[in-house]
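Here is a short report on one protein chain. Keep the sequence and the 3D view open while reading.

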Amino acid sequence: MASKTIHIEKPIQLRHMMGDVYVTIQQKEDYIEALWSGHITADDVVSAALAYLELVRRTGCPKLLNDKSAITGDWDEANDWLQFEWLPKVMAAGLRYMAHVYSQNMFSRLAARELQERISPKFCMSNFQERQAAERWLASQDHTGAAGMQAARA
């Protein structure tokens, strides 16, 4: 797949009904970042995943940094949809790697671990305790899949 050169400058912000931003999605130099905050639900995860899918379709960017370090909430009910509906579409659009930064919230951590178990080895997702480790891991991925298969789990 030929890489696209489209770069999206403006961040996408998704908000709860009361106006609080729960995720900001923006393109960085080498990856797309989803930066989460506040209390989230499975519906919030689905909405953000659809927004990200549109962005990766437009850019072809193969890497996602999914930073949920500042959230609370149990979103594991979204995992079926993520595995069976979203993942095939986003992979077809070009996503190859996802670095997930854990929340300190136990329910969110469990949902992330379950998702990784569901989609591996079909897709290269790695969970991290710290954002810097996630960024280093994403930077080490070579777009061909070889490096991703050797992902270290944190």
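The report goes from the overall fold to the sheet, and then to the aromatic rings.

## Overall fold

This is a predicted model. The protein has 4 helices and 8 strands. Starting at the N terminus, the elements follow the order β-β-β-β-α-β-β-α-β-α-β-α.

Of the 154 residues, 47% count as buried. The accessible surface is about 8,000 Å², and carbon and sulfur atoms account for 53% of that area. Take the contacts between residues at least 6 apart in sequence: 74% of them join residues at least 24 apart.

## The sheet

Six strands form an open sheet. Their order is S1-S2-S3-S5-S7-S8, and the pairing is mixed. Strand S1 (12–15) and strand S8 (124–128) are the edges, each pairing on one side only. From one strand to the next, the twist averages 15°.

In general, strands of a sheet pair through backbone hydrogen bonds, in either a parallel or an antiparallel sense. Both senses can be found here. S2 and S3 run antiparallel and are joined by 5 bridges. Isoleucine 25 stands opposite alanine 34 of S3. S3 and S5 pair in the parallel sense, over 4 bridges. Alanine 34 has asparagine 66 as its bridge partner in S5. S5 and S7 also pair in the parallel sense, over 5 bridges. There, leucine 64 has methionine 98 in S7 as its bridge partner.

How many residues of strand S5 (residues 63–67) are buried? The count is 5 of 5. In a regular strand, side chains alternate between the two faces of the sheet. Both faces of S5 are covered. Lys63, Leu65 and Asp67 are buried on one side, and Leu64 and Asn66 are buried on the other.

Helix H3 (residues 106–119) lies across strand S7 (97–101) and S8. The helix runs at about 155° to S8.

## Aromatic pairs

The structure holds 4 aromatic pairs. One of them joins tyrosine 22 and tryptophan 36. The pair is tilted, with 6.1 Å from centre to centre and 35° between the planes. Tyrosine 22 belongs to strand S2 (residues 21–27) and tryptophan 36 to strand S3 (residues 32–36). The two residues are 14 apart, so the pair links distant parts of the chain. Tyrosine 22 and tryptophan 36 are both buried.

Phenylalanine 128 and tryptophan 137 form another tilted pair. Their centres are 5.7 Å apart, with 45° between the planes.

## Charges over rings

Which ring lies under the charged end of lysine 68? That ring is tryptophan 36, whose centre is 4.7 Å away. Tryptophan 36 thus takes part in a ring pair with tyrosine 22 and also has a lysine charge over its ring.

A second case involves arginine 109. Arginine 109 lies over the face of tyrosine 102, at 4.4 Å from the ring centre.

How values were computed: Residues numbered from 1 in each chain as written. Predicted model: local features only at pLDDT ≥ 70, side-chain atom pairs only at ≥ 80, totals over all residues. Heavy atoms only, no water. Phe/Tyr/Trp six-rings, centres within 6.5 Å; stacked < 30°, edge-to-face > 60°. Buried < 20%, exposed > 50% of the residue type's maximum accessible area, 1.4 Å probe, protein only. Lys NZ or Arg CZ within 6 Å of the ring centre and 35° of its normal. Pairing = 2+ DSSP bridges. Axes fitted to C-alpha atoms, helices over the stretch in contact; angles between N-to-C directions. Contact = heavy atoms within 4.5 Å. Areas by Shrake-Rupley, 256 points an atom, 1.4 Å probe, with all protein chains shown as cover.
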